[in-house]
Amino acid sequence: MNGEGPVCRECLQGITPYQPGKPSEHVRREFGLKRVVKLASNENPLGPSPRARRALLRSAAEVALYPDGSALALRQALARRLRVAPDQVLLGNGSSELLTQLGAAYLSPGDEVLTSHLTFVSYPTVAKLMNATLVQVPQREFTYDLEAMARAVSPRTRLVFISNPNNPTGTVVPPAALRRFVDAVPAACLVVLDEAYREYALPSRQADTVAWVRAGRPNVVVLRTFSKCYGLAGLRVGYGAAPRSVHWALERVRDPFNVNRPAQAAALAALGDAAHLRRSVALARRERVWLKQRLEERGFMVVPSEANFVFARVPRGDGQECFDALQRRGVIVRPMPGPYVRITAGTRPQNEMLVRELKKLF
Ligand SMILES: *Cc1c(COP(=O)(O)O)cnc(C)c1O
(Lines give C-alpha, C1' and ligand atoms only; values in the text may rest on other atoms or scores of the structure.)
Protein backbone atom coordinates (compact mmCIF):
# COMPACT_ATOMS: atom_id res chain seq x y z
CA MET A 1 0.00 0.00 0.00
CA ASN A 2 1.26 3.57 -0.56
CA GLY A 3 1.99 5.84 2.35
CA GLU A 4 -1.18 7.92 2.30
CA GLY A 5 -4.54 7.31 3.91
CA PRO A 6 -5.52 5.69 7.18
CA VAL A 7 -2.99 3.34 8.74
CA CYS A 8 -4.33 0.19 10.38
CA ARG A 9 -3.01 -1.12 13.68
CA GLU A 10 0.56 -2.42 13.44
CA CYS A 11 -0.38 -5.81 14.88
CA LEU A 12 -2.39 -6.70 11.75
CA GLN A 13 0.91 -7.14 9.87
CA GLY A 14 1.48 -10.40 11.70
CA ILE A 15 -1.94 -11.93 11.03
CA THR A 16 -2.45 -14.42 8.19
CA PRO A 17 -6.01 -14.28 6.82
CA TYR A 18 -7.88 -17.57 7.14
CA GLN A 19 -7.50 -19.69 3.97
CA PRO A 20 -10.91 -21.24 3.40
CA GLY A 21 -10.20 -23.28 0.24
CA LYS A 22 -12.30 -23.15 -2.90
CA PRO A 23 -16.03 -23.88 -2.80
CA SER A 24 -16.96 -27.20 -4.45
CA GLU A 25 -18.79 -25.43 -7.27
CA HIS A 26 -15.68 -23.47 -8.28
CA VAL A 27 -13.58 -26.63 -8.29
CA ARG A 28 -16.20 -28.43 -10.38
CA ARG A 29 -16.15 -25.71 -13.05
CA GLU A 30 -12.41 -25.01 -13.00
CA PHE A 31 -11.45 -28.65 -13.60
CA GLY A 32 -14.54 -29.62 -15.65
CA LEU A 33 -15.60 -32.31 -13.18
CA LYS A 34 -18.94 -34.06 -12.83
CA ARG A 35 -18.66 -34.69 -9.13
CA VAL A 36 -16.78 -32.95 -6.36
CA VAL A 37 -16.49 -34.20 -2.79
CA LYS A 38 -15.42 -31.76 -0.10
CA LEU A 39 -13.65 -33.36 2.85
CA ALA A 40 -11.89 -30.20 3.94
CA SER A 41 -13.84 -28.42 6.66
CA ASN A 42 -15.05 -31.12 9.05
CA GLU A 43 -18.70 -30.48 8.22
CA ASN A 44 -21.39 -33.08 8.91
CA PRO A 45 -21.92 -35.09 5.69
CA LEU A 46 -25.47 -35.94 6.81
CA GLY A 47 -26.39 -32.25 6.95
CA PRO A 48 -28.56 -30.80 9.70
CA SER A 49 -31.41 -32.47 11.55
CA PRO A 50 -34.73 -32.32 9.65
CA ARG A 51 -36.13 -30.58 12.73
CA ALA A 52 -33.52 -27.84 12.36
CA ARG A 53 -34.40 -27.46 8.67
CA ARG A 54 -38.08 -27.01 9.49
CA ALA A 55 -37.35 -24.46 12.23
CA LEU A 56 -35.10 -22.59 9.81
CA LEU A 57 -37.85 -22.40 7.19
CA ARG A 58 -40.37 -21.21 9.76
CA SER A 59 -38.02 -18.48 10.94
CA ALA A 60 -37.76 -17.11 7.38
CA ALA A 61 -41.09 -15.33 7.94
CA GLU A 62 -39.63 -13.47 10.91
CA VAL A 63 -36.35 -12.13 9.59
CA ALA A 64 -37.64 -8.55 9.46
CA LEU A 65 -37.36 -8.64 13.26
CA TYR A 66 -34.09 -8.36 15.14
CA PRO A 67 -33.15 -11.54 16.95
CA ASP A 68 -33.58 -11.88 20.69
CA GLY A 69 -30.26 -10.38 21.78
CA SER A 70 -30.10 -12.60 24.85
CA ALA A 71 -31.15 -15.72 22.88
CA LEU A 72 -33.29 -16.64 25.86
CA ALA A 73 -34.95 -19.82 24.59
CA LEU A 74 -31.69 -21.29 23.30
CA ARG A 75 -29.81 -20.11 26.39
CA GLN A 76 -32.30 -21.80 28.72
CA ALA A 77 -32.26 -25.02 26.72
CA LEU A 78 -28.46 -25.11 26.81
CA ALA A 79 -28.41 -24.28 30.53
CA ARG A 80 -30.70 -27.25 31.18
CA ARG A 81 -28.61 -29.49 28.96
CA LEU A 82 -25.31 -28.46 30.55
CA ARG A 83 -26.81 -28.14 34.06
CA VAL A 84 -25.47 -24.65 34.60
CA ALA A 85 -27.29 -21.35 35.19
CA PRO A 86 -28.48 -19.35 32.14
CA ASP A 87 -25.95 -16.64 32.97
CA GLN A 88 -23.17 -19.22 32.72
CA VAL A 89 -24.00 -19.90 29.07
CA LEU A 90 -22.03 -18.08 26.38
CA LEU A 91 -23.40 -17.74 22.84
CA GLY A 92 -21.48 -16.57 19.79
CA ASN A 93 -21.61 -16.24 16.04
CA GLY A 94 -19.76 -19.54 15.90
CA SER A 95 -17.42 -20.46 18.72
CA SER A 96 -14.79 -18.59 16.69
CA GLU A 97 -16.49 -15.39 17.77
CA LEU A 98 -16.31 -16.50 21.39
CA LEU A 99 -12.54 -16.94 21.00
CA THR A 100 -12.27 -13.38 19.69
CA GLN A 101 -14.50 -12.07 22.51
CA LEU A 102 -12.31 -13.80 25.09
CA GLY A 103 -9.26 -12.12 23.60
CA ALA A 104 -10.93 -8.69 23.61
CA ALA A 105 -12.07 -9.15 27.20
CA TYR A 106 -8.92 -10.59 28.76
CA LEU A 107 -5.83 -9.62 26.76
CA SER A 108 -3.77 -6.46 27.14
CA PRO A 109 -0.62 -5.76 25.12
CA GLY A 110 2.25 -7.89 26.37
CA ASP A 111 0.08 -10.53 28.01
CA GLU A 112 0.81 -14.11 27.02
CA VAL A 113 -1.44 -16.58 25.26
CA LEU A 114 -0.38 -20.16 25.75
CA THR A 115 -1.27 -22.96 23.36
CA SER A 116 0.40 -25.74 21.39
CA HIS A 117 1.99 -26.04 17.96
CA LEU A 118 -0.13 -27.75 15.31
CA THR A 119 -3.47 -26.64 16.66
CA PHE A 120 -6.46 -24.51 15.68
CA VAL A 121 -5.41 -21.61 13.45
CA SER A 122 -7.59 -19.03 15.22
CA TYR A 123 -5.67 -19.08 18.49
CA PRO A 124 -2.60 -17.25 17.14
CA THR A 125 -4.87 -14.73 15.43
CA VAL A 126 -6.66 -13.92 18.69
CA ALA A 127 -3.33 -13.32 20.41
CA LYS A 128 -1.87 -11.18 17.63
CA LEU A 129 -5.01 -9.07 17.26
CA MET A 130 -4.69 -8.03 20.90
CA ASN A 131 -0.93 -7.43 20.73
CA ALA A 132 -0.43 -10.33 23.12
CA THR A 133 2.59 -12.62 23.00
CA LEU A 134 1.91 -16.06 21.58
CA VAL A 135 3.62 -18.98 23.30
CA GLN A 136 3.33 -22.32 21.48
CA VAL A 137 4.58 -25.51 23.08
CA PRO A 138 5.58 -28.52 20.91
CA GLN A 139 3.37 -31.61 20.99
CA ARG A 140 4.26 -35.18 21.81
CA GLU A 141 2.98 -37.76 19.38
CA PHE A 142 0.59 -35.24 17.84
CA THR A 143 -0.98 -34.60 21.27
CA TYR A 144 -0.89 -31.53 23.54
CA ASP A 145 1.96 -31.94 26.04
CA LEU A 146 0.22 -30.59 29.13
CA GLU A 147 3.20 -31.07 31.44
CA ALA A 148 5.38 -28.93 29.21
CA MET A 149 2.54 -26.43 28.93
CA ALA A 150 2.20 -26.21 32.71
CA ARG A 151 5.92 -25.37 32.86
CA ALA A 152 5.39 -22.68 30.21
CA VAL A 153 2.76 -20.80 32.27
CA SER A 154 4.24 -17.47 33.38
CA PRO A 155 2.92 -14.60 35.52
CA ARG A 156 1.96 -12.92 32.24
CA THR A 157 -0.13 -15.84 30.94
CA ARG A 158 -3.75 -14.67 30.69
CA LEU A 159 -5.33 -17.21 28.32
CA VAL A 160 -4.62 -20.86 27.56
CA PHE A 161 -6.26 -22.40 24.50
CA ILE A 162 -6.64 -26.18 24.37
CA SER A 163 -8.38 -27.80 21.42
CA ASN A 164 -9.63 -31.15 22.71
CA PRO A 165 -10.01 -33.19 20.50
CA ASN A 166 -7.32 -31.23 18.71
CA ASN A 167 -7.86 -29.79 15.27
CA PRO A 168 -5.96 -30.79 13.08
CA THR A 169 -4.43 -33.92 14.69
CA GLY A 170 -7.63 -35.47 16.10
CA THR A 171 -6.04 -36.46 19.42
CA VAL A 172 -7.39 -35.96 22.94
CA VAL A 173 -5.51 -35.34 26.16
CA PRO A 174 -6.06 -37.92 28.92
CA PRO A 175 -8.78 -36.71 31.35
CA ALA A 176 -6.51 -37.06 34.40
CA ALA A 177 -3.73 -35.04 32.74
CA LEU A 178 -6.20 -32.31 31.85
CA ARG A 179 -7.44 -32.22 35.43
CA ARG A 180 -3.85 -31.93 36.73
CA PHE A 181 -3.15 -29.11 34.29
CA VAL A 182 -6.25 -27.14 35.27
CA ASP A 183 -5.36 -27.62 38.95
CA ALA A 184 -1.82 -26.35 38.33
CA VAL A 185 -2.72 -23.15 36.49
CA PRO A 186 -2.99 -19.98 38.60
CA ALA A 187 -6.57 -18.77 39.15
CA ALA A 188 -5.81 -15.51 37.33
CA CYS A 189 -5.16 -17.39 34.10
CA LEU A 190 -8.21 -18.43 32.07
CA VAL A 191 -8.14 -21.95 30.58
CA VAL A 192 -10.28 -22.22 27.44
CA LEU A 193 -11.21 -25.82 26.61
CA ASP A 194 -12.31 -25.79 22.99
CA GLU A 195 -14.45 -28.89 22.53
CA ALA A 196 -15.74 -28.35 18.99
CA TYR A 197 -15.37 -32.11 18.33
CA ARG A 198 -16.28 -33.43 21.77
CA GLU A 199 -19.29 -35.42 20.62
CA TYR A 200 -17.12 -37.63 18.41
CA ALA A 201 -14.67 -38.70 21.12
CA LEU A 202 -15.35 -41.82 23.16
CA PRO A 203 -16.90 -40.74 26.50
CA SER A 204 -14.24 -42.58 28.50
CA ARG A 205 -11.57 -40.40 26.89
CA GLN A 206 -13.20 -37.07 27.79
CA ALA A 207 -13.12 -35.37 31.19
CA ASP A 208 -16.45 -33.99 32.46
CA THR A 209 -15.22 -30.44 31.96
CA VAL A 210 -18.56 -28.68 32.38
CA ALA A 211 -18.67 -30.19 35.89
CA TRP A 212 -15.62 -28.04 36.71
CA VAL A 213 -17.54 -24.91 35.69
CA ARG A 214 -20.60 -26.12 37.62
CA ALA A 215 -18.43 -26.66 40.68
CA GLY A 216 -17.45 -22.99 40.63
CA ARG A 217 -13.92 -23.03 39.23
CA PRO A 218 -13.28 -19.38 38.42
CA ASN A 219 -10.95 -19.88 35.46
CA VAL A 220 -12.28 -22.62 33.17
CA VAL A 221 -14.35 -21.97 30.04
CA VAL A 222 -15.71 -24.84 27.91
CA LEU A 223 -16.56 -24.00 24.28
CA ARG A 224 -18.70 -26.11 21.95
CA THR A 225 -20.41 -25.53 18.63
CA PHE A 226 -23.36 -26.36 16.41
CA SER A 227 -21.03 -26.26 13.38
CA LYS A 228 -19.70 -29.80 13.44
CA CYS A 229 -21.81 -32.64 14.73
CA TYR A 230 -25.08 -30.68 14.59
CA GLY A 231 -24.48 -29.86 10.93
CA LEU A 232 -25.18 -26.13 11.19
CA ALA A 233 -21.81 -24.62 10.20
CA GLY A 234 -23.47 -22.21 7.77
CA LEU A 235 -25.61 -20.65 10.48
CA ARG A 236 -22.77 -19.85 12.88
CA VAL A 237 -23.74 -20.80 16.43
CA GLY A 238 -21.17 -21.55 19.10
CA TYR A 239 -21.80 -21.84 22.81
CA GLY A 240 -19.99 -22.35 26.05
CA ALA A 241 -20.19 -22.91 29.78
CA ALA A 242 -18.31 -20.35 31.84
CA PRO A 243 -18.07 -18.72 35.25
CA ARG A 244 -20.49 -15.80 35.70
CA SER A 245 -17.57 -13.35 35.74
CA VAL A 246 -16.62 -14.44 32.22
CA HIS A 247 -20.21 -14.09 31.02
CA TRP A 248 -20.27 -10.61 32.59
CA ALA A 249 -17.10 -9.61 30.74
CA LEU A 250 -18.20 -11.00 27.37
CA GLU A 251 -21.56 -9.22 27.64
CA ARG A 252 -19.51 -6.02 27.44
CA VAL A 253 -17.57 -6.89 24.31
CA ARG A 254 -20.09 -8.79 22.21
CA ASP A 255 -22.25 -7.45 19.43
CA PRO A 256 -25.79 -7.14 20.86
CA PHE A 257 -27.31 -9.34 18.11
CA ASN A 258 -24.41 -11.72 17.56
CA VAL A 259 -26.51 -14.86 17.05
CA ASN A 260 -29.03 -14.29 14.29
CA ARG A 261 -32.69 -15.24 14.41
CA PRO A 262 -32.72 -18.25 12.02
CA ALA A 263 -29.59 -19.56 13.74
CA GLN A 264 -31.20 -19.43 17.18
CA ALA A 265 -34.32 -21.22 15.92
CA ALA A 266 -32.41 -23.96 14.12
CA ALA A 267 -29.96 -24.55 16.96
CA LEU A 268 -32.81 -24.90 19.46
CA ALA A 269 -34.55 -27.45 17.23
CA ALA A 270 -31.29 -29.32 16.59
CA LEU A 271 -30.76 -29.73 20.33
CA GLY A 272 -33.99 -31.71 20.46
CA ASP A 273 -32.94 -34.31 17.88
CA ALA A 274 -30.78 -36.78 19.79
CA ALA A 275 -31.23 -39.46 17.12
CA HIS A 276 -29.68 -37.31 14.41
CA LEU A 277 -26.73 -36.58 16.67
CA ARG A 278 -26.26 -40.29 17.37
CA ARG A 279 -26.33 -41.13 13.65
CA SER A 280 -23.80 -38.39 12.91
CA VAL A 281 -21.43 -39.55 15.66
CA ALA A 282 -21.76 -43.22 14.67
CA LEU A 283 -20.95 -42.39 11.06
CA ALA A 284 -17.82 -40.42 11.96
CA ARG A 285 -16.56 -43.06 14.40
CA ARG A 286 -16.98 -45.81 11.83
CA GLU A 287 -15.57 -43.87 8.88
CA ARG A 288 -12.50 -42.48 10.64
CA VAL A 289 -11.37 -46.04 11.34
CA TRP A 290 -12.17 -47.17 7.80
CA LEU A 291 -10.27 -44.19 6.34
CA LYS A 292 -7.28 -44.87 8.57
CA GLN A 293 -7.07 -48.47 7.35
CA ARG A 294 -7.45 -47.58 3.68
CA LEU A 295 -4.89 -44.76 3.92
CA GLU A 296 -2.38 -46.98 5.72
CA GLU A 297 -2.72 -49.53 2.93
CA ARG A 298 -1.60 -46.78 0.56
CA GLY A 299 1.47 -45.92 2.65
CA PHE A 300 0.09 -43.01 4.66
CA MET A 301 0.88 -42.65 8.37
CA VAL A 302 -2.44 -41.87 10.11
CA VAL A 303 -2.86 -40.54 13.64
CA PRO A 304 -5.66 -42.36 15.55
CA SER A 305 -8.54 -39.88 15.65
CA GLU A 306 -11.18 -39.03 18.24
CA ALA A 307 -12.80 -36.53 15.87
CA ASN A 308 -14.59 -36.54 12.50
CA PHE A 309 -11.38 -36.21 10.51
CA VAL A 310 -7.99 -37.86 10.21
CA PHE A 311 -4.54 -36.33 10.13
CA ALA A 312 -2.23 -38.15 7.75
CA ARG A 313 1.34 -37.98 6.45
CA VAL A 314 1.49 -38.48 2.70
CA PRO A 315 3.92 -41.21 1.54
CA ARG A 316 5.89 -38.88 -0.75
CA GLY A 317 5.80 -35.21 -1.55
CA ASP A 318 4.10 -32.68 0.64
CA GLY A 319 0.58 -31.96 1.80
CA GLN A 320 0.08 -29.17 -0.69
CA GLU A 321 1.00 -31.39 -3.68
CA CYS A 322 -1.33 -34.12 -2.44
CA PHE A 323 -4.09 -31.52 -2.03
CA ASP A 324 -3.53 -30.11 -5.55
CA ALA A 325 -3.52 -33.55 -7.18
CA LEU A 326 -6.70 -34.60 -5.35
CA GLN A 327 -8.47 -31.33 -6.07
CA ARG A 328 -7.89 -31.74 -9.81
CA ARG A 329 -9.63 -35.10 -9.44
CA GLY A 330 -12.59 -33.67 -7.55
CA VAL A 331 -11.69 -34.45 -3.94
CA ILE A 332 -11.00 -31.47 -1.69
CA VAL A 333 -8.94 -32.12 1.45
CA ARG A 334 -7.08 -29.69 3.72
CA PRO A 335 -3.34 -29.29 3.13
CA MET A 336 -1.25 -28.91 6.28
CA PRO A 337 2.30 -27.62 6.69
CA GLY A 338 4.94 -30.17 5.65
CA PRO A 339 3.97 -33.66 4.52
CA TYR A 340 0.51 -33.67 6.10
CA VAL A 341 -3.12 -33.44 5.08
CA ARG A 342 -6.30 -33.39 7.15
CA ILE A 343 -9.23 -35.31 5.71
CA THR A 344 -12.82 -35.11 6.98
CA ALA A 345 -14.63 -38.44 7.37
CA GLY A 346 -17.47 -38.22 4.85
CA THR A 347 -20.12 -40.75 3.97
CA ARG A 348 -18.83 -44.15 2.78
CA PRO A 349 -19.40 -43.30 -0.93
CA GLN A 350 -17.51 -40.01 -0.45
CA ASN A 351 -14.65 -41.74 1.32
CA GLU A 352 -14.57 -44.42 -1.37
CA MET A 353 -14.17 -41.73 -4.01
CA LEU A 354 -11.20 -40.33 -2.05
CA VAL A 355 -9.58 -43.76 -1.82
CA ARG A 356 -10.18 -44.46 -5.53
CA GLU A 357 -8.40 -41.23 -6.48
CA LEU A 358 -5.58 -41.85 -3.99
CA LYS A 359 -4.95 -45.27 -5.53
CA LYS A 360 -4.18 -43.54 -8.82
CA LEU A 361 -1.72 -41.19 -7.09
CA PHE A 362 0.05 -43.46 -4.61
C1 LIG B 1 -14.55 -25.86 13.79
C2 LIG B 1 -13.88 -25.44 15.03
C3 LIG B 1 -14.44 -24.49 15.88
C4 LIG B 1 -15.81 -23.96 15.67
O5 LIG B 1 -15.99 -23.07 14.76
P6 LIG B 1 -17.36 -22.30 14.66
O7 LIG B 1 -16.93 -20.88 14.69
O8 LIG B 1 -18.22 -22.65 15.82
O9 LIG B 1 -17.92 -22.74 13.37
C10 LIG B 1 -13.80 -24.15 17.04
N11 LIG B 1 -12.65 -24.72 17.37
C12 LIG B 1 -12.09 -25.65 16.61
C13 LIG B 1 -10.84 -26.30 17.06
C14 LIG B 1 -12.68 -26.02 15.40
O15 LIG B 1 -12.09 -26.93 14.62
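Reader: How far does a polar side-chain atom of Thr-225 lie from an oxygen atom of the ligand?

Author: This is a predicted model: local features need pLDDT of at least 70, side-chain atom pairs count only at pLDDT 80 or more, and totals for chains, interfaces and linings use all residues. Residues are numbered from 1 along each chain as its sequence is written, and side-chain values use heavy atoms, leaving out hydrogens and water. A polar contact is a pair of N or O atoms within 3.5 Å; within protein, one must be able to donate a hydrogen and the other to accept it, and residues adjacent in sequence count only if both atoms are side-chain atoms. For Thr-225, the distance is 2.6 Å.

Reader: And how far from an oxygen atom of the ligand is a polar side-chain atom of Tyr-197?

Author: Ser-227 also places a polar side-chain atom by a ligand oxygen, at 2.6 Å. For Tyr-197, the distance is 2.7 Å.

Reader: What percentage of the ligand's accessible area does the protein cover?

Author: Accessible areas come from the Shrake-Rupley method with a 1.4 Å probe; for residues, only the protein chains shown count as cover. On its own, the ligand has 380 Å². The protein covers 93%.

Reader: Ser-95 touches which residues, leaving aside neighbours within four places in sequence?

Author: Ser-95 sits in helix H4, residues 95-106. At 11% relative accessible area, Ser-95 is buried (under 20%; exposed is over 50%, partly exposed in between; 1.4 Å probe, protein chains only). With contact taken as heavy atoms within 4.5 Å, Ser-95 touches Leu-223, Arg-224, Thr-225 and Gly-238.

Reader: Which residue caps the N-terminal end of H10?

Author: Helices (H or I, at least four residues) and strands (E, at least two) are DSSP runs, numbered from the N terminus. In H10, 8 of the 11 residues are buried, so the helix is largely enclosed by the rest of the structure. Its cover includes helix H2 (50-59) and H3. A side-chain oxygen lies 2.9 Å from the backbone nitrogen of Ala-263, and the capping residue is Asn-260.

Reader: What phi does the residue just after H3 take?

Author: Helix H3 (residues 72-82) has buried residues including Leu-74, Leu-78 and Leu-82. Those buried residues pack against several elements, among them strand S7 (220-225) and helix H10 (261-271). Just after H3 comes Arg-83, with a positive phi of about 55°.

Reader: What separates the C-alpha atoms of Val-341 and Val-36?

Author: Val-341 lies in strand S13. Val-341 is buried, at 1% relative accessibility. Along the chain, Val-341 and Val-36 are 305 residues apart; their C-alpha atoms are separated by 18 Å.

Reader: What is the radius of gyration of the chain?

Author: The chain has 13 helices and 13 strands. The globule rule gives 21 Å for 362 residues, and the chain comes close to that, so it is as compact as a globular protein of that length. The radius is taken over C-alpha atoms, and the rule is 2.2 Å times the number of residues to the power 0.38. The chain's value is 21 Å.
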